[in-house]
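Dear colleague,

I am passing on the structure that we spoke about, and I would be glad if you kept it open while you read. Below it you will find what came out of the analysis, grouped by region.

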Amino acid sequence: MLVAEVIDGVVTKVADCRELCEWWPPTDEQLKDRNLVRVNLFRAHNRDTQRLVPCDPVLEGDWVYMMAVEDIA
């Protein structure tokens with residue numbers, strides 16, 4: 001599982017949870033105590049008209065996303 005370290009709303013690091021945590025699996029409280037947020041590599045999109053493209057980490061709510069939705073030209 002990928003997690004991101006977020007400090008003052010800025011993603012500072014993305015890594016496997018086992019690199020940043022001493023426990024497995026982490027609870028939501030343990031992640032919050034260490035300023036860690038789960039990373040999502042998927043976004044809802046219409047496969048007929050859109051595609052997913054990699055992007056820099058973006059914090060949205062309780063998740064960090066590393067995929068953006070792009071219209072197919």
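**Loops and backbone**

Asp8 is found in the loop between β1 (2-7) and β2, where helices (H or I, at least four residues) and strands (E, at least two) are DSSP runs numbered from the N terminus. The phi of Asp8 is positive, near 55 degrees, although Asp8 is a residue other than glycine, and with a relative accessible area of 76% Asp8 is exposed. Here buried means under 20% relative accessible area, exposed over 50%, and partly exposed in between, with a 1.4 Å probe and protein chains only.

Before going further, please note that this is a predicted model, in which local features need pLDDT of at least 70 and side-chain atom pairs count only at pLDDT 80 or more, while totals for chains, interfaces and linings use all residues. Residues are numbered from 1 along each chain as its sequence is written, and side-chain values use heavy atoms, with hydrogens and water left out.

Asn35, in the loop between α2 and β3, also has a positive phi, of about 60 degrees, although Asn35 is not a glycine; its relative accessible area of 41% makes it partly exposed. In the loop between α1 (17-20) and α2 lies Pro25, and the peptide bond that leads from Trp24 to Pro25 is cis, with omega near -10 degrees.

**Overall layout**

The protein chain has 2 helices and 5 strands, which follow the pattern β-β-α-α-β-β-β when read along the sequence. Of its 73 residues, 23% are buried, and the C-alpha trace spans about 45 × 25 × 20 Å along its principal axes.

**The sheet**

An open sheet of 5 strands, with mixed pairing, has the order β2-β1-β3-β5-β4, and two strands are taken to pair if DSSP finds at least two bridges between them. Its edge strands are β2 (10-16) and β4 (50-60), each of which pairs on one side only. Neighbouring strands of this sheet are turned by 35 degrees against each other on average, direction ignored; for such angles, axes are lines fitted to C-alpha atoms, for helices over the stretch in contact, and the angles run from 0 to 180 degrees between N-to-C directions.

Strand β3 (residues 36-40) runs parallel to strand β5 (residues 63-71), and 3 bridges join them. Arg38 stands opposite Trp63 of β5, while Val39 has Val64 as its bridge partner in β5. The pairing of β4 with β5 is antiparallel and extends over 8 bridges; within β5, Asp71 is the bridge partner of Gln50, and Ala68 stands opposite Val53.

β4 and β5 form a hairpin with 2 residues between them, and Gly61 in the turn has a positive phi of about 65 degrees. Asp62 is found in the loop between these strands, β4 and β5, and counts as exposed at 68% relative accessibility. The C-alpha atoms of Asp62 and Val37 are separated by 6.6 Å, although the two are 25 residues apart along the chain.

**The largest pocket**

Asp62 and Val37 are also among the residues that line the largest pocket, together with Asp28, Leu31, Lys32, Leu36, Arg38 and Trp63. A pocket is an open set of points on a 1 Å grid over the protein atoms alone, where a 1.4 Å probe fits, with protein on both sides within 12 Å along at least five of seven lines, and lining residues have an atom within 4 Å of a point.

About 200 Å³ of space lies in this pocket, a volume being the space filled by probe spheres set on the points, which are joined across faces, edges and corners. Both α2 (28-33) and β3 supply at least two residues of the lining. By class, the lining has 4 nonpolar, no polar and 4 charged residues, counting Ala, Val, Leu, Ile, Met, Phe, Trp, Tyr, Cys and Pro as nonpolar, Asp, Glu, Lys and Arg as charged, and the others, Gly among them, as polar.

**Cysteines**

How many disulfides are there by the rule that a disulfide is a pair of cysteine sulfur atoms within 2.5 Å? The count comes to 0. The closest cysteine sulfur to that of Cys21 is in Cys17, and because the distance is 3.2 Å, it is too far for a bond. Cys21 counts as buried at 7% relative accessibility, whereas Cys55 is partly exposed, with a relative accessible area of 25%.

With best regards

Methods
A disulfide is a pair of cysteine sulfur atoms within 2.5 Å.
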